[in-house]
Amino acid sequence: MEIVFATSNKGKFKEVNKLFENSEIIIKSLSDFDSIAEVIEDKDTFEGNAQKKAKEIFEQVKIPVIADDSGLVVEHLNGEPGVYSARYAGENCSYADNNKKLLSELSGFEKPNKAKFVCWAVYYDGNDFINAQGEVNGEITEQLSGTGGFGYDPLFIPDGYSKTMAEISPEEKNQISHRGKAFRELKAKLIQKGLLHS
Ligand code: IMP
């Protein structure tokens with residue numbers, strides 16, 4: 001069974017591909033298709049954006065789609081950057097710009113700077129959406145550490161760890177991460193509904 005993962009984020013693609021390896025699903029990426037129109041992520045919830053991505057891409061590729069929307073929710077910042085996590089420091093900003101902005105917004109707050117990563121994963125094949133969600137709690141450190149993962153990983157220490165998400169192996173990240181949890185739940189729902197057998 002072929003499925004398209006509606007993302008152009010290489011970090012995410014790698015993580016999700018790994019979660020479905022050894023299953024009957026072959027995950028295609030958006031770069032396997034010509035001229036896919038960009039989806040504007042203008043909803044104010046992760047769920048809304050994930051469903052919008054899944055539906056708009058399905059309408060173009062006409063094969064089942066999985067999509068996710070994810071981000072960092074910081075307690076002292078009233079939930080920011082949230083759905084704006086990818087462009088927190090402005091349009092076309094880099095991960096480094098976002099991390100710099102996060103540290104500057106958090107300077108002056110009392111520790112710990114509690115935060116969580118949230119992910120909504122959605123499957124769409126023209127019928128009802130199948131949704132799943134995952135979260136991982138932790139805190140934001142004061143210094144970037146590690147080179148693994150992507151995005152805010154070098155600043156995020158998961159609860160129960162003394163290392164950042166960028167210092168743990170990809171396998172360990174998938175075990176504890178918001179995305180790992182959401183896509184494992186999504187996979188279980190697809191199996192339960194008979195859309196997937198392994
Ligand atoms: P999306 O592509 O709209 O879901 O944006 C996700 C953004 O949230 C990314 O660009 C990262 O900045 C951040 N993010 C989501 N998941 C992770 C993660 O696993 N590690 C670090 N940053 C993440």
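N78 lies in the loop between β3 and α3, where helices (H or I, at least four residues) and strands (E, at least two) are DSSP runs numbered from the N terminus. The structure is a predicted model, in which local features need pLDDT of at least 70 and side-chain atom pairs count only at pLDDT 80 or more, while totals for chains, interfaces and linings use all residues. Residues are numbered from 1 along each chain as its sequence is written, and side-chain values use heavy atoms, with hydrogens and water left out.

The phi angle of N78 is near 50 degrees, a positive value in a residue other than glycine, and N78 counts as exposed at 76% relative accessibility (buried means under 20% relative accessible area, exposed over 50%, and partly exposed in between, with a 1.4 Å probe and protein chains only). The loop between β3 and α3 also holds N92, whose phi, likewise positive, is near 60 degrees and which is exposed at 80% relative accessibility. P81 is found in that loop too, and the peptide bond joining E80 and P81 is cis, with omega about -5 degrees. Another cis peptide bond runs from K111 to P112, with omega near -5 degrees, and P112 is placed in the loop between α3 and β4 (113-124).

We turn now to the ligand. It is surrounded by 17 residues, the closest being K12, E41, D153, K173 and R179, where a residue is near a molecule if one of its heavy atoms lies within 4 Å of it. By the classes used here, the shell divides into five nonpolar, five polar and seven charged residues. An oxygen atom of the ligand is 2.9 Å from an N or O atom in the side chain of D69, an oxygen atom of the ligand is 2.8 Å from such an atom in the side chain of K173, and a nitrogen atom of the ligand is 2.7 Å from an N or O atom in the side chain of R179. The elements that give two or more residues to the shell are β3 (65-74) and α5 (178-192), and the largest share, three residues, comes from β3.

Elsewhere, K52 belongs to helix α2 (residues 46-61) and is buried, with a relative accessible area of 18%. The side chains of K52 and D42 are joined by a polar contact of 2.9 Å, a polar contact being a pair of N or O atoms within 3.5 Å, of which, within protein, one must be able to donate a hydrogen and the other to accept it, and residues adjacent in sequence count only if both atoms are side-chain atoms.

How values were computed: Ala, Val, Leu, Ile, Met, Phe, Trp, Tyr, Cys and Pro count as nonpolar, Asp, Glu, Lys and Arg as charged, and the others, Gly among them, as polar.
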